[in-house]
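Q: Could we go through this model together? I would like to start with the overall picture and then turn to the details.

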Amino acid sequence: MKEVIVIGAGPAGMLAAGTAAEKGARVVLLEKMEKPGRKLAITGKGRCNITNLKNWEDFSLHVHPVNRYFKPAFYHFTSEDTVAFFNGIGLPTVVERGTRVYPASQRAFDVIDALKSWLKRLGVNMICGCQVLEFLPEEMQIQVAHSSGNSYVSSVSSLTIKCGAQETKASASAPGSTKNTNTLTRIKAVRVRDSRGEEKLLTADHFILATGGKSYPGTGSTGDGYTLASALGHTIEPLFPTLTALMPVDYDRRLEGVELRNVRLDLYIEEVLRRSEEGELLFSNLGIEGPIGFRLSRQAVVALNKGQRVSLHLNLKPALTREQLMARWEREKDKTSGANSVNYSCGAGSKISGKNSVGQGSGSEAYLLKRLKAYMPETLSGPFIKYLTLSSLHPVDAMIRWVFPIASYGGWARAVATAGGISMKEVDMRTMRSKLIDNLSFAGEVLDLDADSGGYNLQIAFATGRLAGGGTSVRPTDSA
Ligand SMILES: Cc1cc2nc3c(=O)[nH]c(=O)nc-3n(C[C@H](O)[C@H](O)[C@H](O)COP(=O)(O)OP(=O)(O)OC[C@H]3O[C@@H](n4cnc5c(N)ncnc54)[C@H](O)[C@@H]3O)c2cc1C
């Protein structure tokens with residue numbers, strides 16, 4: 001029976017492991033954390049947006065950097081297949097906002113439990129607390145351990161973990177004396193460290209790397225896969241956090257915690273409009289985020305990394321034209337009591353005028369605060385008035401174009417996903433097998449594939465995992 005070792009028990013690794021087991025392989029799933037699916041547990045704010053039912057034409061618009069690399073995996077295991085799969089393993093699902101799929105229970109933990117039960121039924125041997133440290137190529141001399149006893153290298157301690165894979169020990173000429181890894185064609189074993197801190201080698205016929213990205217490292221996704229793959233000669237496309245907060249210059253901390261709905265954000269790079277998004281926005285301690293902030297973040301981070309000027313323009317009332325908004329503002333002025341009233345001329349680029357212009361007295365500010373109540377949450381008014389004062393814009397113009405120059409972006413600790421990764425040019429996208437190493441496949445976020453928020457990233461993990469798990473017996477030449 002073929003033996004497969006899958007590295008990483010996230011959504012990609014779990015799908016790969018179960019699928020390989022369904023195909024008749026004896027499978028060991030190695031996870032360095034104490035439990036599988038730590039990141040999966042926090043997806044969708046604990047509700048887990050499993051997938052998105054958009055068809056490929058629409059789905060692919062949300063996949064980066066080159067969506068065609070994901071196309072074969074998507075068609076092999078579509079979003080509908082994902083739903084059918086989860087329903088089939090006992091997880092009812094619901095569809096929200098037209099295309100977003102969640103577990104009916106609204107609990108990400110139920111997704112993990114369903115996957116764990118599925119893996120158990122298939123006889124997958126999942127070993128937690130076991131970190132893969134290194135791939136050992138076949139050219140290295142590896143002595144397979146036999147019960148009769150072989151001579152082991154003393155530095156490699158003797159370990160017995162029940163995993164179904166053959167336990168091996170490295171010979172004295174193994175790690176450290178490797179030759180040029182680019183010439184390697186097969187992996188013989190992985191060196192692992194178990195929960196007791198002891199090291200051993202595990203052999204298998206095939207290996208699947210599904211170690212995820214670098215974001216939220218507390219979940220176990222610390223970028224190990226990039227080191228493991230590059231040591232084998234794979235190219236790692238530059239890594240950067242995506243779906244991350246964008247920090248404005250001189251961020252007004254009073255904004256922290258403000259959530260806005262039905263607003264529009266325009267992304268400007270070097271003063272040129274690049275993309276607009278409408279929906280929900282959140283000001284957090286890290287800056288501008290929430291669904292529409294995240295959607296713009298990938299392009300913004302790329303530009304910031306190039307040293308380009310980036311700004312976000314917030315429109316608080318995208319459903320109204322400037323003229324409609326101005327007419328409403330003028331209409332409401334008449335209704336507001338008069339002593340402290342402020343007059344604003346209506347021309348484009350006009351400045352605040354009148355007997356109590358903003359910033360000149362508490363009376364005018366109180367008046368403005370009162371008027372702004374009809375247009376924005378109270379928590380936003382203070383920072384808005386500050387912006388109004390600095391920009392000298394008419395309130396209506398500031399409402400439809402509140403400019404936030406961006407200074408930086410949130411790091412790995414809180415980014416939802418990792419952009420960059422193992423180059424897809426070196427992966428057979430029809431099988432997920434390495435083009436460099438004969439018996440190695442990849443799945444999930446470790447690859448140079450990422451997506452917008454909305455269930456797309458998990459679909460990438462599930463579909464590439466399904467494809468990798470099913471392709472362990474297919475030779476690369478069969479599909480080339
Ligand atoms: C807060 C948050 C919310 C999200 N919400 C959603 C959502 O609702 N919908 C959506 O589509 N996507 C969401 N995502 C993105 C999604 O979670 C990831 O894209 C997905 O988990 C990637 O799956 P993966 O299996 O490739 O990697 P991971 O889930 O990162 O799993 C990799 C596993 O490998 C293990 N590992 C790493 N190195 C080693 C090693 N050396 N040895 C052994 N094991 C190792 C890790 O411990 C980890 O368990 C969210 C992400 C975050 C951070």
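**Overview and local features**

A: The chain has 13 helices and 25 strands, where helices (H or I, at least four residues) and strands (E, at least two) are DSSP runs numbered from the N terminus. This is a predicted model, in which local features need pLDDT of at least 70 and side-chain atom pairs count only at pLDDT 80 or more, while totals for chains, interfaces and linings use all residues. Residues are numbered from 1 along each chain as its sequence is written, and side-chain values use heavy atoms, with hydrogens and water left out.

Q: What percentage of the residues count as buried?
A: Of the 480 residues of the chain, 54% are buried. Buried means under 20% relative accessible area, exposed means over 50%, and partly exposed is in between (1.4 Å probe, protein chains only).

Q: And what share of the contacts comes from residues 24 or more positions apart?
A: Among contacts in the chain with a separation of 6 or more, such residues account for 73%. A contact means heavy atoms within 4.5 Å.

Q: Turning to helices, how do α4 and α12 cross?
A: The axes of α4 (residues 79–88) and α12 (residues 456–470) come within 10 Å and cross at roughly 80°. That makes α4 roughly perpendicular to α12, a label for angles of 65 to 115 degrees. Axes are lines fitted to C-alpha atoms, for helices over the stretch in contact, and angles run from 0 to 180 degrees between N-to-C directions.

Q: Which residues meet there?
A: Ser79, Thr82, Phe85 and Phe86 in α4 meet Gln459, Phe462 and Arg466 in α12. By class, this contact has three nonpolar, three polar and one charged residues. Ala, Val, Leu, Ile, Met, Phe, Trp, Tyr, Cys and Pro count as nonpolar, Asp, Glu, Lys and Arg as charged, and the others, Gly among them, as polar.

Q: What does α5 pack against?
A: The buried residues of α5 pack against α1 (11–22), β2, α4, β6 (100–103) and α12. Those buried residues include Trp118 and Leu119. Helix α5 (residues 108–121) has 14 residues and reaches 20 Å from its first C-alpha to its last, close to the 20 Å expected; the expected span is 1.5 Å times one less than the number of residues. Gly123, with a positive phi near 80°, follows α5.

Q: Now α7: where is its kink centred?
A: The kink in α7 is about 45° and is centred on Ser297. The bend at a residue is the angle between axes fitted to the seven residues ending there and the seven starting there.

Q: Why is α7 described as largely enclosed?
A: 12 of the 16 residues of α7 are buried, so the helix is largely enclosed by the rest of the structure. Ser297 is one of the buried residues. Gly307, whose phi is positive, near 80°, follows α7.

Q: Which peptide bond is cis, with omega near -10°?
A: The bond from His64 to Pro65 is cis. Pro65 is placed in the loop between β4 (63–64) and α3 (71–76). Most peptide bonds are trans, and most residues other than glycine have a negative phi.

Q: What is the phi of Lys45?
A: Lys45 is not a glycine, yet its phi is positive, about 55°. Lys45 lies in the loop between β2 (26–31) and β3 (51–52) and is exposed, with a relative accessible area of 83%.

Q: And Glu270: what is its phi near?
A: Glu270 has a positive phi near 50°. Glu270 sits in the loop between β16 (259–269) and β17 (272–284) and is partly exposed, with a relative accessible area of 29%.

Conventions. Parallel < 35°, antiparallel > 145°, perpendicular 65-115°, else oblique.
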